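Me: I am new to this structure and would be grateful for a guided reading of it. Please look at the model below and then take up one part of it closely.

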Amino acid sequence: MKKILSFITIALVLIGFSLIAEAMTIGVIGQALEGYWNDVNLGAQTAGKQLGINVDFYCPTLPSAADQISTLESFIGERFAGIAISCTDPSGVVPYLEKAMEEGIPVVTIDTDAASNNARIVFIGTANYAAGYLGGEEMVKLLNGKGNVVIETGSLSALNSLRRIQGFEAALKGTDVKVLTVLNENGDPSTALSEAQAAIASYGSKLNGFYGVYYEDGPALARAVETAGLKPGQIKIVCFDMGPDTLKGVESGYVGGVTVQNPYLMGYLSVYSLYDIAKMGSLGPTYFKIWDNGAESINTGVALVTPE
């Protein structure tokens, strides 16, 4: 009889663990509906399927801190097992991330970090300063060390944008390559195009290069140069992220260099790490940690792609 009861007890425990696994939901919050975040979602959903858990992925149509915070509050209220977020407003989101952590919901940041390391457990993404520096070195090379550049980005507050720009500008020091201005298209591809076209019209022959910081910038910059009737390479373009339209720009010669991230891996590792934290209370042994100015992070890597 005792053996039967023990068996029943073990069976109930196993069933309980199974129900917990089935009920586990991890939330992932991106920045905008575009190809880059589709890749993040693909990685997150792949991890979810492998683990047998639910992944709820959300992106505003365009970057919106208010929409992110509203979704974050919803995820907290629904008691998700963990939350991954790319912070459109790195400072404004901190109190909400801290609330999640205080309520026992682990948080990781992806792609762009929060302003406070205490608001998350780990950052998973690109070493953005180094990636920006890599792009700056390529621009100096393309311009033979002399010329004027316009930077276009989708945010003047997100830390990934700011650090990429800082790295890019650092690579220009000691050269005769100068930044004329920084344009902010707020994550809108149509605005990215119109701003680039306006810059070409405004600066004329003084403009020698464009640096695109976000996914939508490379295609917009290439199209602006082409529609202005300029030949490939007449205005050098270095940008981030290899979407289909950016690849066309590389193949046509309008884009001279692309810093390629790994958004799929960001989504994949965010779900796996949150699952491990929810189950074990800490990151599992399969993760590696690097220290960047005292902030714990998982570097998902970059590569530079050129027409060669």
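What percentage of the contacts in the protein chain with a separation of 6 or more is accounted for by residues 24 or more positions apart? Please then look closely at the largest nonpolar core.

Reply: Residues 24 or more positions apart account for 72% of those contacts, where a contact means heavy atoms within 4.5 Å. The model is predicted: local features need pLDDT of at least 70 and side-chain atom pairs count only at pLDDT 80 or more, while totals for chains, interfaces and linings use all residues. Residues are numbered from 1 along each chain as its sequence is written, and side-chain values use heavy atoms, with hydrogens and water left out.

The protein chain has 10 helices and 13 strands; these are DSSP runs numbered from the N terminus, helices being H or I of at least four residues and strands E of at least two. Of its 308 residues, 50% are buried, that is, under 20% relative accessible area, with exposed meaning over 50% and partly exposed in between (1.4 Å probe, protein chains only).

The largest nonpolar core has 27 residues. Such a core is a set of buried Ala, Val, Leu, Ile, Met, Phe, Trp, Tyr and Cys residues joined through side-chain atoms within 4.5 Å. Val28, Trp37, Ile53, Val108, Ile110, Ile124 and Val271 touch the most other members. Two or more residues come from each of β1 (25–29), α2 (35–51), β2 (54–58), β4 (107–110), β5 (122–125) and α10 (263–280). The greatest contribution is that of α10, with 7 residues. Leaving out residues up to four places away in sequence, Val271 touches Ile26, Val28, Ala44, Ala47, Gly48, Leu51, Ile53 and Val55. There is also a second, separate core of 22 residues, which includes Ala196, Val225, Ile235 and Cys239.

The crossing of α2 past α10 is right-handed, meaning that the near helix is turned clockwise from the far one by less than a right angle. Among the residues in this contact are Tyr36, Val40, Ala44 and Leu51 of α2, together with Pro263, Met266, Val271 and Tyr275 of α10. By class, the contact has 13 nonpolar, 5 polar and 1 charged residues; Ala, Val, Leu, Ile, Met, Phe, Trp, Tyr, Cys and Pro count as nonpolar, Asp, Glu, Lys and Arg as charged, and the others, Gly among them, as polar.

With 0% relative accessibility, Ala119 counts as buried. Its contacts, apart from neighbours within four places in sequence, are Val94, Leu97, Glu98, Met101, Val107 and Ala114. Glu98 is 21 residues from Ala119 along the chain, yet their C-alpha atoms are separated by 4.9 Å.

Asn128, in helix α5, is likewise buried, with a relative accessible area of 5%. Asn128 touches Asp111, Phe123, Asn160, Arg163, Arg164 and Gln261, not counting residues up to four places away in sequence.
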